Amino acid sequence: MIEGRFAHVVEMLMRVSPVAIALSLTLLAVSSGVNGQKADDQINPRSMALLAEGQSALKAGNLAAANDVLETALAIDPRNRAAFVALGRVAQAQQLPGKAIRMYFEALSLEPNDVNALSAQGEAMVQKGAVERARANLARVKTLCKADCAPAIQLAAAIAKGPPAAIVAAQNSDKAPPKGEEKSSAGQK
């Protein structure tokens, strides 16, 4: 009789254990992903100090130093969303809207509802000539703000101003310049 009960218990364990193991592994995988995400107030302090230094260099117009310091801040803590936004601002100041859009995308991948990153990305899109995509960003910023906010006003002003004249001329031209005579907008300001 004991052997019958023991066999029944062993059979039950064999039936339930694979399901229990699968559920525990799933729970472990899900919970470890949540623990890996840091809030803004948990960003490495060294990264935050470098962010402040990079923003100061950007305000002073020292774009190369700002770029280097901000990249270092991101190397220390790649979750520093504000460093991605500041690096996007540096790229815009260097007339590199494609790089700026990519930096804002990285910030938005960390926090999709960051109105500052959305607005700045929209400004870079206008700088690149993608006004319709910038309008989509403006609509999203307005939805998130629920009232007039500085990022929405700033993006609306950039859209109203429109893209740079060189971009408009290039978009309206159906002719490509001869090889070697392409003009870069990096030297213009």
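The count of salt bridges here comes to three, where a salt bridge is a side-chain nitrogen of Lys or Arg within 4 Å of a carboxyl oxygen of Asp or Glu. This is a predicted model, so local features need pLDDT of at least 70 and side-chain atom pairs count only at pLDDT 80 or more, while totals for chains, interfaces and linings use all residues. Residues are numbered from 1 along each chain as its sequence is written, and side-chain values use heavy atoms, with hydrogens and water left out.

Take Arg81 and Asp114. They form a salt bridge whose closest N and O atoms are 2.8 Å apart. Arg81 lies in helix H4 and Asp114 in the loop between H5 and H6, so this pair ties together parts that are 33 residues apart in sequence. On helix names: helices (H or I, at least four residues) are DSSP runs, numbered from the N terminus. Are these two residues buried or exposed? Arg81 is buried, at 18% relative accessible area, and Asp114 also counts as buried, at 11%. The cut-offs are under 20% relative accessible area for buried, over 50% for exposed, and partly exposed in between, with a 1.4 Å probe and protein chains only.

Next, Glu123 and Arg89. Their side chains meet in a salt bridge at 3.1 Å, N to O. This pair also links distant parts of the chain, with Glu123 in helix H6 and Arg89 in helix H4, 34 residues apart. Glu123 is buried, with a relative accessible area of 12%, whereas Arg89 is partly exposed, at 26%.

The remaining pair is Arg135 and Glu132, with 2.5 Å from N to O. Both lie in helix H7, residues 131-145, three residues apart, which is about one turn of the helix. An α-helix has 3.6 residues a turn, so residues three or four places apart point the same way. Arg135 is partly exposed at 40% relative accessible area, and Glu132 counts as exposed at 58%.

Back to H4, which covers residues 81-93. Its 13 residues reach 19 Å from first C-alpha to last, close to the 18 Å expected; the expected span is 1.5 Å times one less than the number of residues. How much of H4 is buried? Ten of its 13 residues are, so H4 is largely enclosed by the rest of the structure. Among the buried ones are Arg81, Phe84, Val85, Leu87, Val90 and Gln92. They pack against helix H2 (45-60), helix H3 (63-76), helix H5 (97-110) and helix H6 (115-128), where contact means heavy atoms within 4.5 Å. Just after H4, Gln95 takes a positive phi of about 60°.

H3 has 14 residues, which should span 20 Å, and its end C-alpha atoms are 20 Å apart, in agreement. Its buried residues are Ala66, Asn67, Val69, Leu70, Ala73 and Leu74. What covers them includes H2, H4 and H5.

Last, the surface. Phe6, Val10 and Met14 form a nonpolar patch there, with about 330 Å² of accessible area together. Areas come from the Shrake-Rupley method with a 1.4 Å probe, and for residues only the protein chains shown count as cover. Patch residues have over 30% relative accessible area and no salt bridge; nonpolar side chains (Val, Leu, Ile, Met, Phe, Trp, Tyr) are joined within 5 Å, like charges within 9 Å. Met14 lies in helix H1, residues 2-36, and counts as exposed at 61% relative accessibility.

Methods
Helices (H or I, at least four residues) and strands (E, at least two) are DSSP runs, numbered from the N terminus.
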